[in-house]
Amino acid sequence: MASNRPLDLDLREIRLITIQPSKSEDVVSDIIELALNHVPLSHLSFSAEYARWLSSHGNSVELEARQLWFKSMGQQPALDNMAHRYAWGDYVALSYTWGDEQETYKVRVNGTEAGIRRNLESALRAIRNQGFLRDGMKLWADALCINQQDDVEKGKQVALMGEIYSSAADVVIWLGSRDPNLRLVMDFLSSLSNCWDAASTVELEETLTRVLSTTPPKIWQLFNDFVRLPYWKRTWVLQEIAKGSTEMRVLYADKSVKWLDLYYAALYFNIPPNDKIGNKVRQIMSQFPEHVEEADHIMKPNYHYFLRVSNTEALRRERVEKDLMKLLTFTRHKLAARPRDKVYGVLGLMNRQIALQIQPEYGPDVTDDDVYEDFARKWVQYGDNLDILGQCSCQDSPSWVPHLHNSYRHLYAASEPPYDTSRGLRHKAHFSDGGKSLVCEGLLVDTVASVSTSFLHPDNESNSSLPPSALIAFGVNNNSNAYQDENGVREALWRTIVGNRNLSGSDAPDFYASLLSSHSLLNPDMLAWIKPNASFYIAGRQLVSYVEREPHEAMFRRAPVRWLRPLHSFAKRLKSTILGVLTRLGLNKVQPTRATDKPSGFDEAVTRVTRFAWSRRLMTTTKGLLGFGPEEARPGDIVAVLFGCSFPVLLRPSGSGYRLVKPCFVYGVMSGEAVVDYQRDVIKSREFTIV
């Protein structure tokens, strides 16, 4: 819904909403009155006062400068300010989810009734009734401010979307209002406001102790529901929040909190970092066993939902994400009305050199596949790496084009740094066959000899997931060893199954070697992977022989994993309950460590295995290298290091070229070892034509 008059694109016009005060005593169900006006989004329309202020501050119009302006005028936050920057006033940009198209409500726009979806109507009503917009502050919301029936206008406005949000006085986040119980989460977040000061944790300790003592443990289930609201699944959220300030408001129903208060809670109650605040949160939480038990039970399996919030804040601080691979990883599991919006929805966060080459198109003559292919081609032509291949698979066509709306398992998390397989070498890639084939220079490292069953599901106790070609090679004794001796193979094995990283993405610590201790045979998650792969050969020995064992554990090795999992869960809950009672009675004393206790950090190491190994296959190469490949990996695939690509890839021969299978992890290659050999003239480079 938008006014019928077209926007003047030469003047960079946008439409803005003014929410009129209610004329009725019934502010719950009256029809909302809106005025929709055209305004130029240009520095030429700045007010004289703001133009003078900008000139005296170096003419910066970045968000930080705008916030400084509001503070200098004694107006904070931007939602309440009267110090407008433009001659026509000022505005905030709304970030929300459209919601169900079947649920529509009436509003009155410039005197004419129109239908909008329920969620937007609820947002407008909450903003009006709570008085969030005062003194002529206007609002931008895409459903009302863009003519959704005009594909040309929509494409032009989408290209401008990053600037619309970054030019706003601030961003307002609307999460909805359907579940009244989630208002308790807003109260919980508000009660912890302004206590996340890294300089001193005194206020944090006092406040969090008081809040936890009066808050029921069910808050963790509600918090989990909160970060799983439909809003957080939107692709556009990343760009919209990234353009907001630290004072950005988050609204749910009639409640409001600051964005940073939500961010800190999602960060420190999920997997607290090992910093001053994180250590203090762990210490305080340990005094409330019932909260620890519930938080672990609810939040640990759902940690990635909380990462949606903390990862988005990382983008907000960067403003522009230089690592496009990370950006696409963020968007991969998010939703978009049209697949092409996976690209268009983050244009405002991309390197400007690439973003300027992409003009959003919504007309019928351009398909989503066309958009993906054009995006990949622009990345290769104007970018400085080939990491886009980390988003591709042999199921795509061409295989060097990422189909971002399909589910995908990434080699490393968006919060982790990239590997350094090509040691910073720039890519030497070009297109052939009319732009349908990607020709890359790189190194042929080795050929896959065998692959294991995938770590796909904890109850998978057979190798039935193996393709016929892999079954033939599964039990074949390959004596090749690229790691010198048995100790070298053991280290390669445990570092491979964690991707040689810890939970935060740093190098895997030495204590992760405990993954090959006998405790793995008692752990349901490890046993789920070890049992079906026990006879998989690595350097002339079966995998199970690398795991230390004790005689009394034989019955556990024979027991089905599905029996151990509930027993393991029950034991953890029983232990937590007993500890809680002992703590209240003051009887919980530290006991001396027994020789049979789990090594320190073992649970952390197992968690890393489950996150990295999930839906991947252990693989060996003809020269004895060890790695983790995708489920699609097959014997005969080649391991290649492509110049300009930060990870190795699997390529599958196809006619006169190759299809890209997916990225892979190969221990002994990830830090650029193959490139070092190339630079010493030990191995030669060659061209790979990827189709």
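**Entry 1: a pair across the chain.** I started with Arg608, which forms a salt bridge with Glu416; their closest N and O atoms are 2.9 Å apart. I then checked burial: Arg608 and Glu416 are both buried. I noted too that the model is a predicted one.

Entry 2: Next I went to H18 itself. Helix H18 covers residues 368-382 and holds both Arg377 and Glu373. The two are 4 residues apart, about one turn of the helix. I looked at their side chains and found a salt bridge, 2.7 Å from N to O. Are Arg377 and Glu373 buried or exposed? Both of them are buried.

Entry 3: I moved on to Asp510 and Arg495, whose side chains meet in a salt bridge of 3.0 Å, N to O. This pair also links distant parts of the chain, 15 residues apart. Arg495 belongs to helix H20 (486-496). Asp510 lies in the loop between H20 and helix H21 (524-530). I looked up the accessibility of each partner. Asp510 has 59% relative accessibility, so it counts as exposed, the cut-off being over 50%. Arg495 has a relative accessible area of 8%, so it is buried, the cut-off there being under 20%.

**Entry 4: a network, and the total.** I then looked for charged residues joined in a group. Asp30, Glu121, Arg125 and Arg128 are linked in a network of salt bridges. How many salt bridges does the structure hold? I noted 34.

**Entry 5: two helices that cross.** I turned from charges to packing. Two packed helices are described by the angle between their axes and the distance between the axes. I looked up both values for helix H7 (residues 183-191) and helix H9 (residues 219-226). Their axes come within 9 Å and cross at roughly 105°. Angles of 65 to 115 degrees count as roughly perpendicular, so H7 and H9 are roughly perpendicular to each other.

**Entry 6: what meets at the crossing.** I listed the residues in contact. H7 brings Leu184, Val185, Met186, Phe188 and Leu189. H9 meets them with Ile219, Trp220, Leu222, Phe223 and Phe226. I sorted the residues of this contact by type: 10 are nonpolar, none polar and none charged.

Notes. Residues numbered from 1 in each chain as written. Predicted model: local features only at pLDDT ≥ 70, side-chain atom pairs only at ≥ 80, totals over all residues. Heavy atoms only, no water. Salt bridge = Lys/Arg side-chain N within 4 Å of Asp/Glu carboxyl O. Buried < 20%, exposed > 50% of the residue type's maximum accessible area, 1.4 Å probe, protein only. Axes fitted to C-alpha atoms, helices over the stretch in contact; angles between N-to-C directions. Parallel < 35°, antiparallel > 145°, perpendicular 65-115°, else oblique. Contact = heavy atoms within 4.5 Å. Nonpolar A, V, L, I, M, F, W, Y, C, P; charged D, E, K, R; others polar.
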